[in-house]
Amino acid sequence: MMRAVLTAVVLVIFATAAVAAPAGAPIRIGGTLALTGPLAPTALLHKIAGEVYIDELNKANGLLGRPVEWVLLDDQSKPDLTRSLYEKLITVDKVDLVMGPYATSAILAAMAVAQRYQKVFIHNSFGMPHLAKYDMHFSSL
């Protein structure tokens, strides 16, 4: 009998821990996608996938037990705007991490900003990796 009660208590503890809500200040992940402009049809798929991932991540106790917030801006398929928006994400929005945009030209623009601020830079659609000259960039593919 005691063993059954102990087993039940352990199961409740694990079940509670598994569905515990993330707590504390959110970890802010910033990035841009071409939500408008010629690259929008494909970038919108990245947006949907990102939103689903953030939802699932937060349901599973967030990142390091903290909730995750995705700060996503529209770079309009324009690399020059992408550069300015990454400056804003890092200096004004004070994001903790940066994720790369969609498409090689936008990734190169954002990577230059990440390098200037010594931020780890993760991206997933870089078509010409030999152009990257930043040691702290990583492809998620």
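1. The place of A103 is in the loop between strand 3 (97-99) and helix 4 (104-116). The structure is a predicted model, and the points below should be read with that in mind. Phi of A103 is near 95°, a positive value although the residue is not a glycine. Most residues other than glycine have a negative phi. A103 has a relative accessible area of 14%, and because the cut-off for buried is under 20%, A103 counts as buried.

2. S77 is not a glycine, yet its phi is positive, at about 65°. With a relative accessible area of 18%, S77 is buried.

3. In what order do the five strands of the open sheet lie? The order is 2-1-3-4-5, and the pairing is parallel. Strand 2 and strand 5 (137-139) are the edge strands, so named because each pairs on one side only. On average, neighbouring strands of this sheet are turned by 25° against each other, with direction ignored.

4. Strand 1 (residues 27-33) pairs with strand 2 in the parallel sense, over seven bridges. Within this part of the model, R28 stands opposite E69 in strand 2.

5. The next item is the largest pocket, which holds about 370 Å³ of space. It is lined by 16 residues, and the closest to its centre are G50, Y53, W70, M99 and N124. Strand 1 and helix 2 (40-59) are the elements that give two or more residues to the lining.

6. Which element gives the largest share of the lining of the largest pocket? That share, six residues, comes from helix 2. By class, the lining has ten nonpolar and six polar residues, and no charged residues.

Technical notes:
Residues are numbered from 1 along each chain as its sequence is written. This is a predicted model: local features need pLDDT of at least 70, side-chain atom pairs count only at pLDDT 80 or more; totals for chains, interfaces and linings use all residues. Side-chain values use heavy atoms; hydrogens and water are left out. Buried means under 20% relative accessible area, exposed over 50%, partly exposed in between (1.4 Å probe, protein chains only). Helices (H or I, at least four residues) and strands (E, at least two) are DSSP runs, numbered from the N terminus. Two strands pair if DSSP finds at least two bridges between them. Axes are lines fitted to C-alpha atoms, for helices over the stretch in contact, and angles run from 0 to 180 degrees between N-to-C directions. On a 1 Å grid over the protein atoms alone, a cavity is a set of points where a 1.4 Å probe fits but cannot get out, and a pocket is an open set with protein on both sides within 12 Å along at least five of seven lines; lining residues have an atom within 4 Å of a point. Grid points are joined across faces, edges and corners, and a volume is the space filled by probe spheres set on the points. Ala, Val, Leu, Ile, Met, Phe, Trp, Tyr, Cys and Pro count as nonpolar, Asp, Glu, Lys and Arg as charged, and the others, Gly among them, as polar.
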